[in-house]
Amino acid sequence: MSFLCVFEKHGASVSSVKPYADLTRLVTLLCPYSGDVNKGGITSVAVPNGQLYLSSIAGKGPDDSINSESASHYLIPKNSRKTPQTSWLHITIDGSGVKFETDPLGTFPLWYFADEKRLVITSEVKSLTALVDKVDVSFDHVSLSRAGKRAVNFSPYVNIHRVDPGASVQISSTFELTISGGLPLDYTPMMVFHDDQECKAALTEALWNSVASIGAASGDWGTFLSGGIDSSTATALVNKFNPALHTYTLGTEYGDEYVEAEALAHFLGVAHARVLGSHQMAMEHFERAVFCNETIDGLTAETLAQLSILAEAAANDVQHIVTGYGADLLFGSMLRHELYMKVTGVDDLRSLIERTCWTGEFAPFFAWSLGVELHHLFWQPQLMNTAFCIP
């Protein structure tokens, strides 16, 4: 689910002005999920001095079941449990204005644009092109051509700003924009583990807490399983909570990891499926990742294309997927690859993690477009902060 919220600074009532956005175009941009725009849906909600547009994905509209006398709440995805490892957005509308809160690691992105006439906040920059009063959405080629590290809130666009990941945004009835909070990560902890058993105990506890917070939810579950350490750990832990687990392994004409993955799946007694990705599928899912996640980074798009092929195969069986993706970033193994560091411009763990924020590697839209929710086992604040204490 994605959204677009427009605030009119001149105070005109919603009923007295033309629609802020072209709904047909919004459906095409924010609901590109079935190939049929008529199957998508846009919910329009009045907010103080403006209008909120919410899209629905695969039958999962905004959850407006939480209401009180003083405020209206919308939770995206519907019935989300707001776990730290899963993308979500919580919108609160009351007399003081509108507040947008995302998951603590900001994998659900927020963008904003302001001029003399309006203030706009959205989850997808392309939605701005659906505004009746046009916004010039163009790339900042100077910033894009500049080598080196980029800020966690880096924006590749001219005059369109990215909200700090993990921060909440409050728009007051007088159009004041307040951004508060940010990533709950302690990159330089006061305490560092020096005993192997102490490291093991702390990491075990953090892993169990992470899987327990997502694994207790009802529904059909699956994992992306390569047979490597990260995905095998995730699969084994999730299997403790969901014995009827489905696992999926990607292969191509150039190679696969079927044997290793099937060995673990057989050992755990869980279902396993081989997913063969063709050249055509790779191109289609690369384009899907670029469009849905709005990625400008080739390495990220390549990764998301692989996950997208798996997600499409999994969508026939499950609604929830747990992935071990991100562990190699969190524990720094990518910093051992000289070519990767040269291409990305990162050279320490903090810049490596912050890079995932501006690239949108964990943004959910490509998976949501296929009807699947991704849960990132290792991308959880307690677990990440524990990892920072390990030499």
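The largest share of the lining of the largest cavity, four residues, comes from α10. This is a predicted model, in which local features need pLDDT of at least 70 and side-chain atom pairs count only at pLDDT 80 or more, while totals for chains, interfaces and linings use all residues. Residues are numbered from 1 along each chain as its sequence is written, and side-chain values use heavy atoms, with hydrogens and water left out. Helices (H or I, at least four residues) and strands (E, at least two) are DSSP runs, numbered from the N terminus.

**Cavities**

- The structure holds three cavities of 30 Å³ or more; a cavity is a set of points, on a 1 Å grid over the protein atoms alone, where a 1.4 Å probe fits but cannot get out.
- The largest cavity has about 310 Å³ of space, a volume being the space filled by probe spheres set on the points, with grid points joined across faces, edges and corners.
- Its lining has 32 residues, and G106, P109, R162, C357 and G360 lie nearest the centre; lining residues have an atom within 4 Å of a point.
- Two or more residues of the lining of the largest cavity come from each of α6 and α10 (349–359).
- By class, that lining divides into 18 nonpolar, 10 polar and four charged residues. Here Ala, Val, Leu, Ile, Met, Phe, Trp, Tyr, Cys and Pro count as nonpolar, Asp, Glu, Lys and Arg as charged, and the others, Gly among them, as polar.

**The largest pocket**

- If you turn to the open side of things, the largest pocket has about 1000 Å³ of space; a pocket is an open set with protein on both sides within 12 Å along at least five of seven lines.
- Of the 36 residues that line the largest pocket, E302, T303, Q306, L307 and Y325 lie nearest its centre.
- Nine residues of this lining come from α7, the largest share.
- Elements that each supply at least two residues include α4 (229–241), β13 (246–252) and α6 (279–293).
- The lining of the largest pocket has 16 nonpolar, 13 polar and seven charged residues.

**Helix packing**

- The axes of α6 and α7 come within 8 Å and cross at roughly 110 degrees; axes are lines fitted to C-alpha atoms, for helices over the stretch in contact, and angles run from 0 to 180 degrees between N-to-C directions.
- That makes α6 roughly perpendicular to α7, a label for angles of 65 to 115 degrees, with under 35 counted as roughly parallel, over 145 as roughly antiparallel and the rest as oblique.
- α6 and α7 make a right-handed crossing; a crossing is right-handed if the near helix is turned clockwise from the far one by less than a right angle, and left-handed if anticlockwise.
- Helix α3 (residues 196–215) packs against helix α12 (residues 381–388) at about 165 degrees, with their axes 8 Å apart.
- α3 and α12 are therefore roughly antiparallel, and their crossing is left-handed.

**The five-stranded sheet**

- An open sheet runs in the order β4-β5-β6-β10-β11 with antiparallel pairing; two strands pair if DSSP finds at least two bridges between them.
- At the edges, β4 (71–76) and β11 (177–180) each pair on one side only.
- Six bridges join β4 to β5 (residues 89–94), and L75 stands opposite H90.
- β5 and β6 form a hairpin with two residues between them, and L89 stands opposite T102 in β6.
- Four bridges join β6 to β10 (residues 168–172), where I171 is the bridge partner of V98.
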